Amino acid sequence: MSLAVIVSLNVLAVVAVVAVVGYLIDRSAER
Amino acid sequence: MNTPHVHLLLNHVPTVGTVIAVALLILSFIRKTDGLRRVSLELFCVIALITLPAYLSGLGTALQFEQNPDVVKAIMDRHHDAAVFGSIFMVLTGAAAWLCLWQRRRLGRSSGAMIGTVLVLSVLTVAAMARTASLGGEIRHPEILLDPEAAAAVTAEVAPSFMSAAAIAQFVTGHTWVWPTMEALHFIGLWLLFGVVMLVNLRMLGMMKSASFAAVHRLLPWAVLGLGINLTTGMMFVLGAPGQYLENIAFFWKMGLLLLAGLDVLYLTVFDAPWAVGPGDEAPPLEKAMAASALAMWVGVMYFGRMLPFIGNAF
């Protein structure tokens, strides 16, 4: 696998985790 | 004043400061005093910010001391490993405390789960920081060693665990994909942080006047998440190539401005004046000045980050 593909997949994985955590925190403001 | 002096001045803040903040938090449960709880949460945030220069000045001191024959490098490495661990817990505690303060603004109170998280994290931080401080003292104070021979024996067999500074540095520099991944994430964290902080501060300056301050402040946890990404990736850069940063004047400016700008994020959450700005309201002159200076500081953080190789000696 090329370097660019490995880097892209890693970045996407971290962004996905951040998006989920951010969404959960954001939602807590509505309770 | 030099780097070791700065480290000596700051290194007591995460240890003694956290003990005081935990004591205030526990006291707030016993006395059922809401104000005391708020102060302890604010204190955690401030201590987490100061932990950053405390840690970095320690790393700078270690670089200077490496060639010093009076200092055993293995003892310094043990202290450093403990400091990495303690700093991670401290920053997590600060982030959780900030989230509690944000919840208080939105809901009028922090959730029990978040307060419990802060309490658990802060107790773990106290333990980790006490160990860090104790190991740090052993570097230049052999008189505090209960068993000097045993200590000497331990220092001879330091094996890096997966959480050690050496192991993290090896991870960062030993794989070609780690540095570009961290760089990409550092930029994603940057726009997440600056994008939201810019919106909040532009509202204070008079733009988007139909929205209340509370409405734009709602987004601030996304900025703190961005800050979290950048602290993590930034620390990995520093651990991977400490000399590039700790002997670089642009990095000192970047960190100094980051501290002040971080305090502004706290200010926007805990001080009442910004919250009085409702839909259609003009912010008072002092709030506008705060917003303008905060924006300037964040731009400065980015500017000195980008100028690391040009003003300083990085890369």
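How many C-beta neighbours does B:M208 have inside 10 Å? Select B:M208 and count: there are 13, so the residue is partly exposed. The scale behind that label runs as follows: buried means 20 or more other C-beta atoms within 10 Å of the residue's own, exposed means 12 or fewer, and partly exposed lies in between, with C-beta atoms placed from the backbone.

**Before going on**

This is a predicted model, in which local features need pLDDT of at least 70, side-chain atom pairs count only at pLDDT 80 or more, and totals for chains, interfaces and linings use all residues. Residues are numbered from 1 along each chain as its sequence is written, while chains are lettered from A and ligands numbered from 1 in the order in which they are written.

Colour by pLDDT, the predictor's confidence in each residue, from 0 to 100. Chain B has a mean of 90, and 95% of its residues reach 70 or more. Confidence in chain B is lowest in helix α6 (residues 148–155), with a mean of 62. It is highest in α2(B), at 96. The model's scores are ipTM 0.86 and pTM 0.90.

**Stop 1: chain B as a whole**

Show chain B as a cartoon. It has 13 helices and zero strands. Here helices (H or I, at least four residues) and strands (E, at least two) are DSSP runs, numbered from the N terminus. The radius of gyration of chain B is 21 Å, close to the 20 Å from the globule rule for 315 residues, so chain B is as compact as a globular protein of that length. That radius is taken over C-alpha atoms, and the rule is 2.2 Å times the number of residues to the power 0.38.

Draw a box along the principal axes. The C-alpha atoms of chain B fill roughly 70 × 55 × 35 Å. Of its 315 residues, 40% count as buried.

Two residues are in contact if their C-beta atoms, placed from the backbone, lie within 7 Å. Among contacts in chain B with a separation of 6 or more, 80% join residues 24 or more positions apart.

**Stop 2: the core**

Select B:V118 and B:A223. In the largest nonpolar core, which has 82 residues, these two touch the most other members. Helix α4 (residues 73–107) of chain B gives the most to this core, with 16 residues. A nonpolar core is a set of buried Ala, Val, Leu, Ile, Met, Phe, Trp, Tyr and Cys residues joined through C-beta atoms within 7 Å.

Stay on B:V118. Leave aside its neighbours within four places in sequence. The contacts are then B:L41, B:F44, B:T93, B:A96, B:A97 and B:C100.

**Stop 3: two loops with positive phi**

Most residues other than glycine have a negative phi. Select B:K32, which is not a glycine and has a positive phi of about 55°. B:K32 sits in the loop between α2 (12–31) and α3 (34–65) of chain B. It is exposed, with 8 other C-beta atoms within 10 Å.

Return to B:M208. It too is not a glycine, and its phi is positive, about 50°. B:M208 is in the loop between α8 (178–205) and α9 (213–217) of chain B.

**Stop 4: helix α8**

Just after α8(B), B:G206 takes a positive phi of about 115°.

**Stop 5**

**Stop 5: two distances**

Select B:G174, in helix α7 (residues 165–174) of chain B. It is exposed, with 10 other C-beta atoms within 10 Å. Draw a line to B:G240: the residues are 66 apart along the chain, and their C-alpha atoms are separated by 9.3 Å.

Finish at B:V299, in helix α13 (residues 285–306) of chain B. B:V299 is partly exposed, with 14 other C-beta atoms within 10 Å. B:V299 and B:L257 are 42 residues apart in sequence and 9.3 Å apart in space, C-alpha to C-alpha.
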